[in-house]
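Hello! Here is the structure I promised to pass on to you. Have a look at it first, and then read my notes below.

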Amino acid sequence: MDCAFIRNFAIIAHIDHGKTTLSDRLLELTGALSAREMLGHEQVLDAMDLEKERGITIKAHSVRMLYTAEDGNTYQLNLIDTPGHVDFSYEVSRSLASCEGALLVVDATQGVEAQTLANSYLAINHGLEIIPVINKIDLPSADIERTKEMIESTIGLDASRSLAISAKTGIGVHEVLEAIVQRIPHPKGNPDIPLQALIFDSWFDSYRGVGVLARVVNGRMYQGQKIRLMSNGKAFEVESMGVQMPKPVEIRELSAGEVGFFFATMKNVADTKIGDTVTDDTHPALEPMPGFEELKPMVFAGLYTVDSHEHTLLRDALEKLRLNDSSFFFEPESSVALGFGFRCGFLGLLHMEIIQERLEREYNLDLIVTAPGVRYMVTLTDGAIIEVDNPSKWPDPTLIEKVNEPIITATILTAEEYVGGILKLVEEKRGRQKNFEYVSANRVMLTYELPLNEIVLDFYDKLKSVSRGYASLDYHLSGWWESPMVKLDILVAGDAVDALSIIIHKDHAQERGRALVSKMRELIPRQQFEVAIQAAIGAKIVARETVGALRKNVIAKCYGGDISRKRKLLEKQKEGKKRMKRIGKVDIPQEAFLAVLRVSEES
Amino acid sequence: MPLGLYISVPFCRTKCSFCNFSAGVFSRSLFDRYVEHLERELAGAERIANAMGGRFEPEVDSIYLGGGTPSVLAPDQLARLFAAVRGNFHVHASAETTVECAPGTLQPELVETLLACGVNRVSLGVQSFIDRESSSVGRLHTRAITLADIERLRAAGISDISVDLIAGLPYQTKGSWADSLREVVATEVPHVSVYMLEVDEDSRLGRELIAGGTRYHAHHVPDEDLTADLYEQATEELNMAGISQYEISNFARTGRQSRHNLKYWTRQPYLGFGVDAHSMLPSAGSTEPHAAVRFATVDNLDELLAGAPRERTNVDRTAAIEETFFLGLRLNRGVSLAEVRGRFGDDAVSRYEAVIADLVEAKLVELQDKVLRLTPRGRLLSNNVFERFLCDRSPVRDGPGT
């Protein structure tokens, strides 16, 4: 199709601000789905259960709509639905790079949130035409003027041409379609030069192999074409192509400006990296599209099954998930306390939660996750620099010259009354203020530099609680700080419990050590002897508690009637001990580890 | 080998808060039906034993009426029970014949009946001589009533009296416990049982303690450490008074140990009748010399009266060896390894060599002249000892018998 009649756009919105409802409404108005089909098929785009439940988008999608505008022309509108979470900001950037414009949807009752802000900046940086859309104007508490003000003051966009709509009732949605046609520029690719197509998502289909979502920037892509991935030079043949309308429709060709999916002979999703450029193998483009990055995991944790017999099931499940998501990695590790498991790396906390939930739901596994941590750059006394993302690999303190930890820049938007609590929290979390700004009468935007390590431990939950949910957070990796990080071990009767070791700032070590030790004391059953529970940094003990020796474990009454029953009791006790983990000479129920790991998340 | 007979009477005037047995308060109209049922069971004892695959034995040298509170039965009902026993078994003239009684139920007529029935031993559920402690768990008697009952029994010629005490009752302190112990010694009864309060889901008080609540005075129950202290205190005081410990929870003056209860710990045969009554007999059919059968009635009165079948468990050689240890070690006399070897063969001891060495090192047991005994600490941690004598297998279980 002639580029002049193509519009590629994304929707930027905070959770629950109405992105999905608006998408559905656009599909309905363009006839891609009838109103009847919409019924019971609410929220067509977010297909994964988890996405629906959380109201977030994890995987990118694209839908093609055909729209006959008031000017009498029929346009091809490609809606590229992007992930909406900071963990996936790279994916978002690649999706946005596939568009020329974006709808910025803001809830007229809520205003701009941090997530919206970050993605808006991302869109502005990509040179996208942004159309502010003020949604939910049918609600009594909608405040269109104030919302416009906020769009202008926080994002710096001209809100005078914003559209006021209700995606729910349909008010103003037609005007959205017209604005897309009139205000978003058409793509400017050249179909007659060598192929350059930008990959913005891929997935694994067990029948057809790897599917790729791509935007053709220049040239053409067609069935039977020999293509090449520019990052790794691997060549494949295009087997089939299609677009989602929103049901999949097979097509023979995608030309410059168009968006669609294709299957080539690819078997491994790790080959199709997001942001990579597809070109023609025989007439390759000279340059790939700019902006490609190899994704690196930022958050690390150990994953174990509660039932150690399920370990191989976990491995199979991780392998299957990885078929669809090349952005997380895992390798086997083992723990005295938890048995065999995997050290996993994730893009962020949400990514970790999603993987965990999918493992639990789709594969029916009961999981234990160790305290999440980050990757440190450790300079050793001999000058060598190593990356450490696992407490068990932390070098001996005497060998460490210095440690650098990853730092993020966080943007927090909140109401004035919560600022005090939030400031206290970010100070506790070793934050450094970069900016403090009133963006409207009682809304404040805070910009802080914070160690990522402090964010992954429990920052979200604490932020939520000090702001009663009225704070939104966005962050991006912004550098490194040299910090006195130490490894805190928890010792039971002198033996370290590997699963509980954490890397922590020296100044926080004692406090956390005390908390962990006192929780462990509650959870470790009394043994036949007194058991010391200690928190230690290297050889230095920073906290200690004692579990007194067990005094009595006895069946007082044992007569004829009780022998079978007492035998069962003894058998049960013996079985219970078998299930316990043995640290040195101490038997500890696995539940104790779970509870401690949960505490470290909560405290 | 003569049998011990156990007859369960699951009726009480009130249900004590610590009670985790299948006893309760039922209407008197049930008593008659229940006694009739027992009469039928006693009459069918040989048939039942055969059906369960046990070797029947008509000789009886101990009878034990337990509960519940057997003394709530009417005199004529008690008389009918003993008549049924004597009509269906050959009861030795010297048989130890015990009835559990609640203090306060021993009316002169009842005492006369007991004598007429040949009862020569009474076990009194005193629990505490401190009225506040006994009433806190639902006992209806007082210290004065208990002392009067003991006198009445003695006057009637029943001097073989056992007193039950509980360590760990609400409000109990070392001081009040010392008082109870002093009282029991002063009564000069020849036998005392001291039970540490059992905390489990089967009693009201246990459930409340587990839940951390305050009903049934649960928040005044001594903690585990204090209960252990009280137990040690009792062991010391009673031993000093000449009432020597012979089992984890039982103390007696010389020659006054309970013959009936010793059968349980030394694996002598016994037959049980009534609700939740257990039996153990040598296996009739098995070629294995140590094989036994154990069978039990249901623990629900309605189901029992409706004819619910007994459940049977086969006790094979391994189970017999395990029991020899975990029952025998309850006794202060301990388990003679030479005897175990003689009875079961060398492997019955050799399989536990490492376990025994381990337990000796942990000072939970001691081995002297080839006799294995619990240490005082081992007695309090006896479950940690006993579980080590369980082999890695479960006893074979048959389907329900008839």
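Let's begin with strand 23 (residues 400-415) of chain A: 14 of its 16 residues are buried, so this strand is largely enclosed by the rest of the structure. Buried means under 20% relative accessible area, with a 1.4 Å probe and protein chains only. Helices (H or I, at least four residues) and strands (E, at least two) are DSSP runs, numbered from the N terminus.

This is a predicted model, where local features need pLDDT of at least 70, side-chain atom pairs count only at pLDDT 80 or more, and totals for chains, interfaces and linings use all residues. Residues are numbered from 1 along each chain as its sequence is written, chains are lettered from A and ligands numbered from 1 in the order in which they are written, and side-chain values use heavy atoms, leaving out hydrogens and water.

Which strands pair with strand 23 of chain A? Two strands pair if DSSP finds at least two bridges between them. Among the partners is strand 26 (residues 471-482) of chain A, antiparallel over 11 bridges, where Ile407(A) has Gly479(A) as its bridge partner. Strand 25 (residues 443-451) of chain A is also antiparallel to strand 23, over 9 bridges, and Ile408(A) stands opposite Leu450(A) there. Strand 21 (residues 376-380) of chain A runs antiparallel to strand 23 too, joined by 4 bridges.

Elsewhere, chain A has an open sheet of 6 strands in the order 2-3-1-4-5-6, with mixed pairing. Strand 2 (61-68) and strand 6 (163-164) of chain A stand at the edges with a single partner strand each, so one side of each has no neighbour in the sheet.

Happy exploring!

Methods:
Buried < 20%, exposed > 50% of the residue type's maximum accessible area, 1.4 Å probe, protein only.
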